[in-house]
Structures are given as structure tokens and as C-alpha cells.
Amino acid sequence: MTNTTAHGPASRGKDPADDEYEPKIGELVEDPATRRVGRVMGAVGPYMQLRPVEGGREWDADPTKVRPVPVGDGLSAAVATANARSTGML
């Protein structure tokens, strides 16, 4: 009998956290170097280009360090931005 998981054969001794995270364009990620959340816009050279959720100037981030943003956190940021725009704060 083969030991398998929902994602295929089970790997013994391998920590799932060791899998390299590869963000996709448009995805929200956190850049731990700046402690900011941004939307992935693309890549230039060794860097990933992130844009703030509320819009604005992109910044370079190390793609090996960014982390995914939980869906709820991303929605909260989007709602906060929409509220700020509706009240003229942005």
C-alpha cells in the first residue's frame, strides 16, 4: 500500500513550510523588510515589484522573503482604502 496525501505521494521527513512560495501577479503579499502589504505587479531583475493596496509608487521586494496575505487581511485593507477614498482622505 502506498502512502499518499491529497497532493500526491507523501514525502517523509519533509516540512511543508520548506516549499518555496511563488506569488502570482495581482496577489497581495507582505514584504517583511518594509512591513508593508502590496500587490504583485511583476518582476525586474532579481526583485519583485509591489504596489501599495491604496495605489501609489511601486517598490522593490526580495521575492524569496515575501509572504502571502490571508484573504481576510487583504479584504480589510481593500475596504479601508475604499472608505478613505469615499471620505476624501485619499
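**Entry 1. Burial and surface**

I began with burial: of the 90 residues in the protein chain, 21% are buried. I note that the model is a predicted one. For the surface, I found that the protein chain exposes about 6,800 Å². Carbon and sulfur atoms supply 54% of that area.

**Entry 2. Elements and contacts**

I then listed the elements. The protein chain has 1 helix and 7 strands. Read from the N terminus, their order is β-β-β-β-β-β-β-α. I also looked up how far apart in sequence the contacting residues are. Among contacts between residues at least 6 apart in sequence, 31% join residues at least 24 apart.

Which strands form the open sheet, and in what order? I recorded 5 strands in the order 6-5-4-3-7, with antiparallel pairing. Strand 6 and strand 7 are the edge strands, as each pairs on one side only. As background, I note that strands of a sheet pair through backbone hydrogen bonds, either parallel or antiparallel.

I looked next at strand 3 within this sheet. Strand 3 pairs with strand 4 over 4 bridges, in the antiparallel sense. Strand 3 is also joined to strand 7, by 2 bridges, and these two strands run antiparallel as well. Valine 29 shows both pairings: it stands opposite glycine 38 in strand 4, and its bridge partner in strand 7 is proline 68. Glutamate 30 stands opposite valine 37 in strand 4.

**Entry 3. The hairpin of strands 3 and 4**

I followed the chain from strand 3 to strand 4. The hairpin has 4 residues between the strands. Arginine 35 is located in this loop. Its phi is near 55°, a positive value in a residue other than glycine. Is arginine 35 buried or exposed? I found a relative accessible area of 75%, and the limit for the exposed class is over 50%, so arginine 35 is exposed.

**Entry 4. The nonpolar core**

I looked up the largest nonpolar core and found 7 residues in all: Val29, Val40, Met48, Leu50, Trp59, Ala61 and Val66. Strand 5 (47-52) and strand 6 (59-61) each supply at least two residues of this core. Val29, already noted for its bridge partner proline 68 in strand 7, is one of the core residues. In soluble globular proteins, nonpolar side chains tend to be buried together.

I listed the surroundings of tryptophan 59 separately. Leaving aside neighbours within four places in sequence, tryptophan 59 is in contact with Asp31, Thr34, Arg36, Val37, Gly38, Met48, Gln49, Leu50, Arg51 and Pro52. Among these contacts, Met48 and Leu50 also belong to the core.

I turned to glutamine 49, which has its place in strand 5. Is glutamine 49 buried or exposed? Its relative accessibility is 13%; buried means under 20%, so glutamine 49 counts as buried. Not counting residues up to four places away in sequence, glutamine 49 touches Arg39, Val40, Met41, Gly42, Ala43, Val44, Glu58, Trp59 and Asp60.

Two residues from that list, Val44 and Asp60, I examined as a pair. Valine 44 and aspartate 60 are 16 residues apart in sequence, and their C-alpha atoms are 8.5 Å apart in space. Valine 44 lies in strand 4 (residues 36-44). I found a relative accessible area of 54% for valine 44, so this residue is exposed.

**Entry 5. Salt bridges**

How many salt bridges does a search of the whole structure find? I recorded 2. In one, glutamate 30 pairs with arginine 67, and the closest N and O atoms are 3.2 Å apart. Glutamate 30 belongs to strand 3 (residues 28-31) and arginine 67 to strand 7 (residues 67-68), so the pair ties together parts that are 37 residues apart in sequence. Glutamate 30 is partly exposed, at 26% relative accessible area. Arginine 67 is partly exposed too, at 40%.

The side chains of glutamate 58 and arginine 51 also meet in a salt bridge, at 2.8 Å from N to O. Glutamate 58 counts as partly exposed at 29% relative accessibility, and arginine 51 counts as partly exposed at 30%.

How values were computed:
Residues are numbered from 1 along each chain as its sequence is written. This is a predicted model: local features need pLDDT of at least 70, side-chain atom pairs count only at pLDDT 80 or more; totals for chains, interfaces and linings use all residues. Side-chain values use heavy atoms; hydrogens and water are left out. A nonpolar core is a set of buried Ala, Val, Leu, Ile, Met, Phe, Trp, Tyr and Cys residues joined through side-chain atoms within 4.5 Å. Buried means under 20% relative accessible area, exposed over 50%, partly exposed in between (1.4 Å probe, protein chains only). Contact means heavy atoms within 4.5 Å. Accessible areas come from the Shrake-Rupley method with a 1.4 Å probe; for residues, only the protein chains shown count as cover. A salt bridge is a side-chain nitrogen of Lys or Arg within 4 Å of a carboxyl oxygen of Asp or Glu. Two strands pair if DSSP finds at least two bridges between them.
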